[in-house]
Amino acid sequence: MDNAAIPADQVRPAPLGADEVRALIDHAILKPELTRADVDAQLDEAAAYRVFSVCVRPSDVAHAVERLQGTGVGVGTVIGFPHGTTTTATKVAESLQALTDGAFELDMVQNIAAARSGDWERVEQDVRAVVDAAGDTVVKVILETAFLTDDEVVAASRAAQRAGAAFVKTSTGFAGGGATAEHIRLMRETVGPDTGVKASGGVRGLDTLVEMVDAGADRIGTSASARILDELAHRAETGGASALGDDTTSY
């Protein structure tokens with residue numbers, strides 16, 4: 001939606017302050033085609049906007065940790081990304097390497113095929129192996145909700161929670177569908193208040209971020225961090241939406 005077309009008296013106020021929004025954002029730097037220069041530009045942007053963390057490709061972790069040293073921005077990475085079909089042993093090996101390289105959080109993709117097959121024991125064992133390997137490191141489990149029924153979203157959330165995951169997460173951003181408020185509400189209702197819920201995929205603007213938070217998300221994965229925070233600043237200053245609109249190139 002182009003926010004410039006919304007009448008001023010219909011612009012949704014942003015109930016969150018800039019520091020609150022920054023603390024929500026895991027800035028995604030995951031596209032396979034990004035060059036080192038592209039990655040560096042995104043890392044520098046994340047530092048400039050002081051977001052909570054970046055989520056980078058596994059091969060970029062050590063470099064990102066070095067480049068962001070002293071900025072206060074954490075470096076997380078993905079495991080079994082984006083399909084979740086690598087073996088559990090491979091996911092564990094990826095996790096251990098990521099931790100060695102300095103990752104402070106891991107976003108793993110569940111075994112989507114096992115979930116769709118109703119093999120919840122296999123799903124849970126896969127997650128638990130990564131959680132055990134990670135030790136005290138936060139593990140978020142990507143369900144890829146676009147591929148799941150509501151019943152499967154519930155069962156997958158419960159399996160991840162039983163396995164000790166700190167968060168359940170909607171999407172990779174690469175499956176043709178992303179976070180929805182309905183899925184966030186369902187996940188929050190399922191896991192309760194003690195497990196985190198991360199909305200990721202398709203959060204391309206401030207209004208969508210606020211919608212996800214209202215639905216129960218307490219972390220946001222997006223590559224539109226600058227657009228979101230610029231829009232927030234504009235509304236705080238003027239009381240109206242800018243001409244920026246959503247960042248349709250983000251994921």
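**Exercises on helix packing and the overall fold**

Helix α7 (residues 150–162) packs against helix α8 (residues 181–191) at an angle of about 45 degrees, their axes lying 9 Å apart. This is a predicted model, in which local features need pLDDT of at least 70, side-chain atom pairs count only at pLDDT 80 or more, and totals for chains, interfaces and linings use all residues. Residues are numbered from 1 along each chain as its sequence is written, and side-chain values use heavy atoms, with hydrogens and water left out.

**Exercise 1.** Classify the orientation of α7 and α8 and state the handedness of the crossing.

*Solution.* Axes are lines fitted to C-alpha atoms, for helices over the stretch in contact, and angles run from 0 to 180 degrees between N-to-C directions. Angles under 35 degrees count as roughly parallel, over 145 as roughly antiparallel, 65 to 115 as roughly perpendicular and the rest as oblique; α7 and α8 are therefore oblique to each other. The crossing in which α7 passes α8 is right-handed (the near helix is turned clockwise from the far one by less than a right angle).

**Exercise 2.** Identify the residues through which α7 and α8 meet.

*Solution.* With contact meaning heavy atoms within 4.5 Å, Asp150, Val153, Val154, Ser157, Arg158 and Gln161 in α7 meet His183, Leu186, Met187, Thr190 and Val191 in α8.

**Exercise 3.** Describe the burial and the sequence range of contacts in the protein chain.

*Solution.* Of its 251 residues, 52% count as buried (under 20% relative accessible area, with a 1.4 Å probe and protein chains only). Among contacts between residues at least 6 apart in sequence, 68% join residues at least 24 apart.

Conventions:
Helices (H or I, at least four residues) and strands (E, at least two) are DSSP runs, numbered from the N terminus. Buried means under 20% relative accessible area, exposed over 50%, partly exposed in between (1.4 Å probe, protein chains only).
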